[in-house]
Amino acid sequence: MQFDNVVIIEDDYRNYYPLSISTPLSDVIIGGLRYYEHVVLWLMNLGYDANIYVVTRDYLARYWQGIADSILSRLNLRYSVRYVHSAEDINGTTLLIHTSLIPQIDALNRLINNMEVGTEVRCGDRALLGIVNECTTGIRDVINNCDLPMAGGVWSIIRWNTELLRSNSKYLIKVIGDKTLNSEISRNAVIDERAGDVIAINAAVEPLSYVKGPSLLGPGSRVLPHAYIREGTVLYMNNAVGGEVKNSIMDMHSLKEHFSYLGDSYVGRWVNIGAGSVTSNLKNTIGIIRYMGVDTGMIKLGSVIGDWVKVGINTSIMSGKYIGQGSSVVGLVRRDIPPFSMCINSECERIRVEKAVEVYKRFVELRRAKANENEVALIRAVYELSLHEPPL
């Protein structure tokens, strides 16, 4: 089945709070890559050359194109992604992919073999995948399939991350030609691939560290001496990590250089995690963890740390809690932290937007990078949004 366009549609973005107010769901990282990158890998495997569109909120469509880098673009692979706030002007045969569908390439291959134009795959009232001649009309047949891997919220990213990394890694390795590309792996580091591949792209693994697969070390990332990198770890780009990390994702330019623990967690862009800080991922009762009041069905779930956050030294974050964008925390974090908050234990006050921009620029300078004006504009937009849009 050939199609002209692929349109990725955000589902229930509020369930991905706080990540979703500063990142399109198409660009949330899961299984080592941004969501849309898995779609690109799939299309390359099929030999398709289709236009990719992401339907997202207006302010993200306006600023995002100039902010986020991607691993596939760093590999000089040819593809096109456009961020739009409506699919009305997209013409031709179009594949619709909803972000509720986990982009497991083997599952996508099975689905596409049984579809034709006018077919939609659903689970109950939730649309997952469809092929139409126009983006707003054209569904004739519905296939109900609730056995597919699906996401219900930000916790699903953590739930599916390791499995997706394990299952889709073979397609990434096929594209790059090897598991290790332009990387420096110390002879005194241990690379354990018994449970999955360790993929290193322009990365460095320093002496006396232990890296267990499946894991992905992206461009510019460093695993520091004595680090323990466990299964499901994703260092997406320009990260430096020490201590212990397990089934956790770090987006661009974020640091956890000192001895500490990051488990079953998601860390956004331009985040710094101070020495001795830990995320709890298991309740003492071994009970189900709730996220923003929602029963996740998971007994292991750490923290969701938004973009531009700073976590002070010796900070402890309880299971299933989030820290909103631009916040600065130190001490014991027992509750969700709203965006742009300065908190010592449970005492918080609002950070001014100019201060948030200033801290971002200082951190960029510390990383010897250049401040991005689109990122600054996004900080201002998210700040304003966070004043009015509550979670769930």
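Four cavities of 30 Å³ or more are found inside this structure. It is a predicted model, in which local features need pLDDT of at least 70, side-chain atom pairs count only at pLDDT 80 or more, and totals for chains, interfaces and linings use all residues. Residues are numbered from 1 along each chain as its sequence is written, and side-chain values use heavy atoms, with hydrogens and water left out.

**How the spaces are defined**
- Rolling a probe the size of a water molecule over the atoms shows where empty space is left.
- On a 1 Å grid over the protein atoms alone, a cavity is a set of points where a 1.4 Å probe fits but cannot get out, while a pocket is an open set with protein on both sides within 12 Å along at least five of seven lines; lining residues have an atom within 4 Å of a point.
- Grid points are joined across faces, edges and corners, and a volume is the space filled by probe spheres set on the points.

**The largest cavity**
- Its volume is about 110 Å³.
- Among the residues that line the largest cavity are Tyr 16, Leu 25, Tyr 35, Thr 99, Pro 103 and Ser 156.
- This lining has nine nonpolar, two polar and no charged residues (Ala, Val, Leu, Ile, Met, Phe, Trp, Tyr, Cys and Pro count as nonpolar, Asp, Glu, Lys and Arg as charged, and the others, Gly among them, as polar).

**The second largest cavity**
- The second largest cavity holds about 50 Å³ of space, and its lining includes Gly 31, His 38, Leu 164, Asn 168 and Leu 216.
- Helix 1 (35-46) and helix 5 (154-176) each supply at least two residues of this lining; helices (H or I, at least four residues) and strands (E, at least two) are DSSP runs, numbered from the N terminus.
- Helix 5 gives the most, with five residues.

**The largest pocket**
- The largest pocket has a volume of about 180 Å³, and Val 40, Tyr 48, Asp 49, Asn 51 and Arg 78 are among the residues lining it.
- Helix 1 and strand 4 (51-55) are the elements that give two or more residues to this lining, and helix 1 gives the most, with three.
- Sorted by class, the pocket lining has seven nonpolar, two polar and two charged residues.

**Helix 5, a bent helix**
- Helix 5 bends by about 50 degrees at Trp 160, where the bend is the angle between axes fitted to the seven residues ending there and the seven starting there.
- Between its end C-alpha atoms helix 5 spans only 29 Å, whereas a straight helix of 23 residues would span 33 Å at 1.5 Å a residue (the expected span is 1.5 Å times one less than the number of residues).
- Just after helix 5, Gly 177 takes a positive phi of about 90 degrees.

**Backbone details in the loops**
- The peptide bond from Tyr 17 to Pro 18 is cis, with omega near 5 degrees, and Pro 18 sits in the loop between strand 1 (5-9) and strand 2 (29-30).
- The bond from Gly 213 to Pro 214 is cis, with omega near 0 degrees.
- Asn 182 is not a glycine, yet has a positive phi of about 50 degrees; at 63% relative accessibility, Asn 182 counts as exposed.

Methods: Buried means under 20% relative accessible area, exposed over 50%, partly exposed in between (1.4 Å probe, protein chains only).
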